[in-house]
Amino acid sequence: YSYLNKKKETKITPEVKEETSYNSNIILDVNYSSIDINGNEYIINAEKGEIDLNNNNIVYLTNVSAILKPKKKDLVTVKSNFGKYNTNNYDTIFTKNVIITYLNNKIKGEYLDFSIERNSMIMSKNVIYSNKKNILKSDVIEIDLETKDTKIFMFENNKKVNIKSKN
């Protein structure tokens, strides 16, 4: 009789549902503007930006356009499908269908590393530089933003920069 009447102890653990709160890290119509100590202005716009959850100083951009307004120098514009912008130092990586235009010059490529700290732009991957007179194909074009000095080169020593005259 005592065996049958023993009550089984049952622990009831309440089911706890964690409520997750989501904060959007998407920004539409992104616009950043800065002026360095020399008076050079840098403006970047994008259709959309997504803040990196691991580093809130990094913003991933979509449909990007940038304007560099060097003090007392010619305007430079940059367009690309994507970008990675650092809000601390303003350095920007432009990727996919990158186009740089200044004066009558156009540089197309797939990857552009723009750095205010380094004071340079380095375009690589399928680089095509064109103006009214020439078309040039290379692996890399590096431009000093201060002096406008330009280095054009190939990664492999046995390959040569291809230059074609439009005349």
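These are my notebook entries on a predicted model of one protein chain.

Entry, ground rules. I number residues from 1 along each chain as its sequence is written, and side-chain values use heavy atoms, with hydrogens and water left out. Because this is a predicted model, local features need pLDDT of at least 70 and side-chain atom pairs count only at pLDDT 80 or more, while totals for chains, interfaces and linings use all residues.

Entry, elements. I found 1 helix and 10 strands in the chain, taken as DSSP runs numbered from the N terminus (helices H or I, at least four residues; strands E, at least two). The order from the N terminus is α-β-β-β-β-β-β-β-β-β-β.

Entry, burial. Of the 167 residues, 31% are buried (under 20% relative accessible area with a 1.4 Å probe, protein chains only; exposed is over 50%, partly exposed in between).

Entry, I100. Leaving out residues up to four places away in sequence, I100 touches V76, T77, V78, N105, K106, I107, L112, M121 and M123 (contact: heavy atoms within 4.5 Å).

Entry, charges. I searched the whole structure and got 1 salt bridge (a side-chain nitrogen of Lys or Arg within 4 Å of a carboxyl oxygen of Asp or Glu). D113 pairs with R118, with the closest N and O atoms 3.4 Å apart. R118 counts as partly exposed because its relative accessibility is 41%.
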